[in-house]
Amino acid sequence: MATYGSVSDILDAEDQESKDILVPEWGGKTFRIMVMDGNARDRFDAQYQAAQADPAKATGLRGVLVGSCLVDDEGKRLFSDNDIRKLAKKSSKVLTRLYMECIKLNLLDEETKEVEAEDFTPDQSEDSGTA
């Protein structure tokens with residue numbers, strides 16, 4: 001028989017994976033990136049989708065993702081939403097390297113591949129529910 005989890009099992013779970021990355025260009029310091037929480041991910045997804053529809057809205061997207069993932073040693077975001085604009089003006093070389101790490105950590109690359117491969121037409125083999 002299965003043992004089912006509870007709300008407290010979910011809310012108490014430490015599920016925010018992180019990764020430390022050495023950034024020589026930023027004083028040789030190590031910085032931590034963390035998996036985004038659901039709200040940050042939804043905000044990023046909305047901005048990403050807007051950029052897909054209108055490439056002019058892609059400006060600063062690297063900074064948004066990196067700024068949403070950079071945290072201190074206690075897991076608190078380093079950059080506020082307002083400070084992300086400043087972060088986006090830093091070296092594209094560094095931002096791209098961190099951006100790629102954030103994509104991997106948040107499984108954005110796998111999800112993007114899955115979404116692009118999906119066929120959004122309804123499965124004709126499923127029962128429509130009508131008699």
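Predicted model: local features only at pLDDT ≥ 70, side-chain atom pairs only at ≥ 80, totals over all residues.
**Stop one: two helices.** Start by selecting residues 38-53, helix α2, together with residues 61-69, helix α3. Their axes lie 11 Å apart and meet at an angle of about 170 degrees, which means that α2 runs roughly antiparallel to α3. Now show side chains at the contact: from α2 you will want F44, Q47, Y48 and A51, and facing them from α3 are L61, V64 and L65. By type, this contact holds six nonpolar residues, one polar and no charged.

**Stop two: the core.** Next, bring up the largest nonpolar core, which has 25 residues. Good ones to highlight are W26, I33, F44, L65, V66 and L98, as these touch the most other members. The top contributor is α5, with seven.

**Stop three: W26.** Leaving aside residues up to four places away in sequence, W26 touches F31, L70, L87, K90, V94 and L98.

**Stop four: a cysteine pair.** Finally, select C69 and C102. Why is there no bond between them? The sulfur of C102 is 3.7 Å from that of C69, its closest cysteine sulfur, and this is too far for a bond, because a disulfide needs the sulfur atoms within 2.5 Å. The disulfide count for the model is accordingly zero.

Technical notes:
Residues numbered from 1 in each chain as written. Heavy atoms only, no water. Axes fitted to C-alpha atoms, helices over the stretch in contact; angles between N-to-C directions. Helix = DSSP H or I, 4+ residues; strand = E, 2+ residues; numbered from the N terminus. Parallel < 35°, antiparallel > 145°, perpendicular 65-115°, else oblique. Contact = heavy atoms within 4.5 Å. Nonpolar A, V, L, I, M, F, W, Y, C, P; charged D, E, K, R; others polar. Core = buried A, V, L, I, M, F, W, Y, C linked by side-chain atoms within 4.5 Å. Buried < 20%, exposed > 50% of the residue type's maximum accessible area, 1.4 Å probe, protein only.
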